[in-house]
Amino acid sequence: MSKHARETIMKYVFMLAATASIMAVLLICVFLFWNGIPAMAEIGPFNFLLGRVWAPADTPQLFGILPMVLGSIYVTAGAIIVGVPIGILTAIFMAKFCSPTLYKILKPATQLLAGIPSIVYGFFGLVVIVPFVREVFGEHFGGSGQSIFTASILLGIMILPTIIGVSEAAIRAVPDSYYEASVAMGASHERSVFWAVVPAASSGIMTSVILGIGRAIGETMAVILVAGNQARMPTGLFRGARTLTANIVMEMGYAAELHREALIATGVVLFVFILIINLLFNLLRGRKKY
Amino acid sequence: MNKLLALVVIVTLVLAALVGCAQGGQASQDNPTTQGTESPQSVVDQDASNFNTNREITVISRESGSGTRGAFIELTGVEVRGEDGTVTDMTSLEATIGNGTNAIMTNVSSDVYAIGYISTGSVNDTIRPLSVDGVAPTAENILAGSYVIARPFIIVTAEDIDPLTREFIDFIMSELGQEIVAERYIPAVLNAPAFQSAGHSGTIVIGGSTSVAPVMERLSEGYRALNPNANIEVHVSGSGAGITGTIDGLLDIGMSSREIRDSEMEQLGQQITICMDGIAVIVNNNNPITDITSEQVRQVFTGELSRWADIQ
């Protein structure tokens, strides 16, 4: 075989490898929209997206996913409130304040946090956080401990490795000249870090937050175990809610016909959410400095 | 210095977390006023005194579409059927939803104020089944028909049936068939006879209840292992369709998860109860309540009763 022919063959092998992931995304898109859009049309886009009642087993059936859309948004927002401050402060500490010895422990620890399977997080939440919330808040606020609050704490912990990892890299990417200039002007170490280095890394930090949102909104197994999964409009911080992902997983096993298609359409909505998040991510990366 | 400080902080955090876990786990068992050696009975009494009846009931249900949920809401009247053909599942919207029997049991065993329901075949000592209307959900009571949250799995056939269908029914009611049934349900016959296949060939068409279909699939697999000449088709269409299909001669065997009406029985040859499906209402082991009425079960699961004090 001539060298030229081998070149050509390998070129196509690499091209095939490169197109595999694009094909996967395209196929998933086609599958989702092909199955989901007709169901949405049959239910009626407004009845589907803004309907407040989800009752697939009733006659007539009702497929309103607004409770799940709000559930996903509330739980994700809660996770951001819990996870972002802890994550960013940890990243700043690790990049600028931490001793090398402690860093050797902290870095693998946060990476390990990313490697724990989500079902293990969920079980931890169910046997530790849920009883804790029930004991501490149940008396005054009611609820069984399975709530938006519990899910937010758990997801807040789960998005920490994403936020810490990306933020730390962004802070480390800021050239030392920023810090040195600030110190030379007479600012203390703390002031230099918080007022010169961190603002310069802000787009990278925002990226970490968006990636965290993506992780939180797509999380399924952990949320099912701690969120209560009530398919009704969220009624309070210490009451349960059902997320879009939970809705799909819980009912897919039994669903048939329109119910099944409605669940796929729920997947379409989730997919659009993720697309928006990715779009934001790309926009930020477009103007990213560090 | 910094290193030492960080180490101290980490150790403190880990210890605090561990202590928090330990307290969370024992909170329902500790009673600060009494200590020392206690008999098991007084431990139960302590828990009963810790049980705050003014707390809300944590209602735990299965997901929509689950067979157990379908049977439960139908048998307890949580499901409301209107004159105009509408069916509404009135399960409280505040009910926590667990997907799967294990999720329900984990939830109930970890929450003193929880109530849930599972198939009687899955009951173990991590949770406690309640007596309904004074009757415990035991196999004997369910077979005797005194436990109300239970339903029969019935098969019906026309007047005259071919030898293959006859043999398949014999298989279901034999020792082997009832063993398959007993994996999930309560067998209808306790000392079932042994089974020997004569090797008839042909096709049996079975149709009807979605609840009976899974166990019928298992039975047909079991039968085909003994008689490979037989071909068995199991169609899923609902109890009503299974019965009318058998009356019209479209099906050899109809499956039903409800009692056969007299008007239907007049047009059928026979009905055989192959097993019973019972659903136990379960609570936490530390819950002092042991008995509930069927009306209270309905009210709890529709959200009309929301506090444990309402049940006592």
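Tutor: First, the elements: helices (H or I, at least four residues) and strands (E, at least two) are DSSP runs, numbered from the N terminus. Residues are numbered from 1 along each chain as its sequence is written, while chains are lettered from A and ligands numbered from 1 in the order in which they are written. This is a predicted model, where local features need pLDDT of at least 70, side-chain atom pairs count only at pLDDT 80 or more, and totals for chains, interfaces and linings use all residues.

Start with helix H6 of chain A, residues 148–158. A residue is buried if 20 or more other C-beta atoms lie within 10 Å of its own, exposed if 12 or fewer, and partly exposed in between, with C-beta atoms placed from the backbone. In H6(A), 11 of the 11 residues are buried, so this helix is largely enclosed by the rest of the structure. Among them are Ile148(A), Phe149(A), Leu154(A), Leu155(A) and Met158(A). What do the buried residues of H6(A) pack against? They pack against helices H3 (66–97), H5, H7 (160–173), H10 (202–218) and H11 (221–226) of chain A.

Now take H7(A). It has 14 residues and reaches 20 Å from first C-alpha to last, close to the 20 Å expected at 1.5 Å a residue. The expected span is 1.5 Å times one less than the number of residues. H7(A) is mostly covered, with 11 of its 14 residues buried. These include Leu160(A), Pro161(A), Glu168(A) and Ile171(A). The cover over the buried residues of H7(A) includes H3, H4, H6, helix H9 (189–200) and H10 of chain A.

Next, the nonpolar core: a set of buried Ala, Val, Leu, Ile, Met, Phe, Trp, Tyr and Cys residues joined through C-beta atoms within 7 Å. The largest one has 123 residues. Leu154(A), Leu155(A), Ile171(A), Val223(A), Val226(A) and Val281(B) have the most contacts inside it. H3(A) gives the most to this core, 10 residues. Domain 1 (58–149 + 279–310) and domain 2 (151–276) of chain B both give residues to it, so this core lies between them. Apart from it lies another core, of 15 residues, with Phe48(A), Ala231(A), Leu263(A) and Ile264(A) among them.

Zoom in on Val226(A). Contact means that the C-beta atoms of two residues, placed from the backbone, lie within 7 Å. Leaving out residues up to four places away in sequence, Val226(A) touches residues including Leu126(A), Ile129(A), Val130(A), Thr150(A) and Leu154(A).

Asn229(A) sits in the loop between H11 and H12 of chain A. Asn229(A) has a positive phi of about 65°, although it is not a glycine. It has 27 C-beta neighbours inside 10 Å and therefore counts as buried.

Now the side of chain A that faces chain B. 30 residues of chain A are in contact with 28 residues of chain B. On chain A, helices H4 (100–115), H5 (118–141) and H12 (244–252) each supply at least two residues of the touching side. The largest share, eight residues, comes from H5(A). By class, this side of chain A has 15 nonpolar, 10 polar and five charged residues. Ala, Val, Leu, Ile, Met, Phe, Trp, Tyr, Cys and Pro count as nonpolar, Asp, Glu, Lys and Arg as charged, and the others, Gly among them, as polar.

Of its 312 residues, 39% count as buried. Its domain bounds come from an automatic or database domain assignment. The C-alpha centres of domains 1 and 2 of chain B lie 28 Å apart. Nine residues of domain 1 are in contact with six residues of domain 2 in chain B. On the domain 1 side, helix H3 (67–76) and H5 of chain B give two or more residues each. That side has five nonpolar, four polar and no charged residues.

Asp133(B) lies in the loop between strand S7 (131–132) and helix H5 (139–144) of chain B. With 15 C-beta neighbours inside 10 Å, Asp133(B) counts as partly exposed. Val8(B) is in helix H1 (residues 2–26) of chain B. With 10 C-beta neighbours inside 10 Å, Val8(B) counts as exposed.
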